[in-house]
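Morning, everyone. Please look at the sequence and the structure on the screen, and then we'll walk through them together.

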Amino acid sequence: MNLNFNLDLAEGYKSNSQITRVLTENWVKVNSYCPNCGQLPLNDFENNMPVADFYCLECKEEFELKSKNGKLSTIINDGAYESMIKRITSDTNPNFFFLTYDNNKVNNFLVIPKQFFTPEIIIKRKPLSITAKRAGWVGCNIDISKVPENGRIFIVENSRIIEQEKVHLKLKSTDF
Ligand SMILES: [Zn+2]
């Protein structure tokens, strides 16, 4: 596992959010294994499909990626509240990967199994004010401090790569 992003892939992109998406998704695809069964690499879905970001061909688990520049915090900004709740309460609710990076290098990468991803950890934000471009839109925050310690399974922690066997055992102990 190499913790550096492949910066060559950022060429040709102008928007920072697009660059982040390309670099983080590529990093997971190239470097991560499926925490459930160990399969490498994780197949990514076609772009723009309304489904998860990664899919394991072996065990069929789905993973959605959230990433953030900087330190791992307990509150993570996310998109629309309603669609998030719909997604995590559906029959095809995914597992979540969280990735934090600094200077184009991964410092934390963890998986939160889907059974820990409940509506209780999704915090509704205030609707945008009437002067905003998207007035009335309601976003959400993800509060991972509400996920029990055994539901936060690190694959990389503070720039240290955790042994795959340990990741697998911890995941199995959650009745994945
Ligand atoms: Zn798998």
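Is Cys 56 buried or exposed? Cys 56 is buried, because its relative accessible area is 0% and the cut-off for buried is under 20%. One caution before we go on. This is a predicted model.

Let's stay with the metal. Cys 56 is one of the protein donors of a zinc ion. What is the geometry of the zinc site? The site is tetrahedral, with angles of 100 to 121 degrees among its four donor atoms. Now look at the sequence. The donor residues follow the spacing C-x2-C-x18-C-x2-C. Compare two of these donors. Cys 56 has a relative accessible area of 0%. Cys 59 has 22%, so Cys 59 counts as partly exposed.

Lys 60 sits in the loop between β2, residues 54-55, and β3. Its phi is positive, about 70 degrees, although Lys 60 is not a glycine. Why point that out? Because most residues other than glycine have a negative phi. There is another such case. Asn 158 has a positive phi of about 45 degrees, and it is not a glycine either. Asn 158 lies in the loop between β9, residues 153-157, and β10, residues 160-161. At 61% relative accessibility, Asn 158 counts as exposed.

Next, the empty space. Rolling a probe the size of a water molecule over the atoms shows where empty space is left. How much space lies in the largest pocket? About 670 Å³. Its lining has 24 residues. Nearest the centre are Arg 21, Glu 64, Leu 65, Lys 66 and Asp 78. Which elements supply at least two residues each to this lining? They are α1 (16-31), β3 (62-69), β4 (75-80) and α2 (81-88). By class, the lining divides into eight nonpolar, eight polar and eight charged residues.

The structure holds eight salt bridges. Start with Arg 21. Arg 21 pairs with Glu 25, and their closest N and O atoms are 2.9 Å apart. Both residues lie in helix α1, four residues apart, about one turn of the helix. Glu 25 counts as buried, at 17%.

Now move to Lys 66. Its side chain meets that of Glu 64 in a salt bridge of 3.6 Å, N to O. Both Glu 64 and Lys 66 are buried. Lys 66 also forms a salt bridge with Asp 78, with the closest N and O atoms 2.9 Å apart. Lys 66 is at 12% relative accessibility, so Lys 66 counts as buried. Asp 78 is at 18%, so Asp 78 is buried too. Step back and you get a network. Glu 64, Lys 66, Asp 78 and Arg 87 are linked in a network of salt bridges.

How many cavities of 30 Å³ or more does a search of the whole structure find? One. About 40 Å³ of space lies in the largest cavity. The residues that line this cavity include Lys 66, Ser 67, Ile 76, Phe 98 and Thr 100. Strands β3 and β5 (95-102) are the elements that give two or more residues to the lining. By class, the lining has four nonpolar, three polar and three charged residues.

Last stop, Ile 112. Ile 112 lies in strand β6, residues 105-112. Its relative accessible area is 0%, so Ile 112 is buried. How far is Ile 112 from Ser 83? They are 29 residues apart in sequence and 19 Å apart in space, C-alpha to C-alpha.

Conventions:
Residues are numbered from 1 along each chain as its sequence is written. This is a predicted model: local features need pLDDT of at least 70, side-chain atom pairs count only at pLDDT 80 or more; totals for chains, interfaces and linings use all residues. Side-chain values use heavy atoms; hydrogens and water are left out. On a 1 Å grid over the protein atoms alone, a cavity is a set of points where a 1.4 Å probe fits but cannot get out, and a pocket is an open set with protein on both sides within 12 Å along at least five of seven lines; lining residues have an atom within 4 Å of a point. Grid points are joined across faces, edges and corners, and a volume is the space filled by probe spheres set on the points. Ala, Val, Leu, Ile, Met, Phe, Trp, Tyr, Cys and Pro count as nonpolar, Asp, Glu, Lys and Arg as charged, and the others, Gly among them, as polar. A salt bridge is a side-chain nitrogen of Lys or Arg within 4 Å of a carboxyl oxygen of Asp or Glu. Buried means under 20% relative accessible area, exposed over 50%, partly exposed in between (1.4 Å probe, protein chains only). Donors are N, O and S atoms within 2.8 Å of the metal (3.2 Å for Na, K and Ca); water is not among the atoms, so sites may look incomplete. Four donors count as tetrahedral if all angles lie between 85 and 135 degrees; four count as square planar and six as octahedral if opposite donors are over 155 degrees apart and all others between 65 and 115; anything else is irregular.
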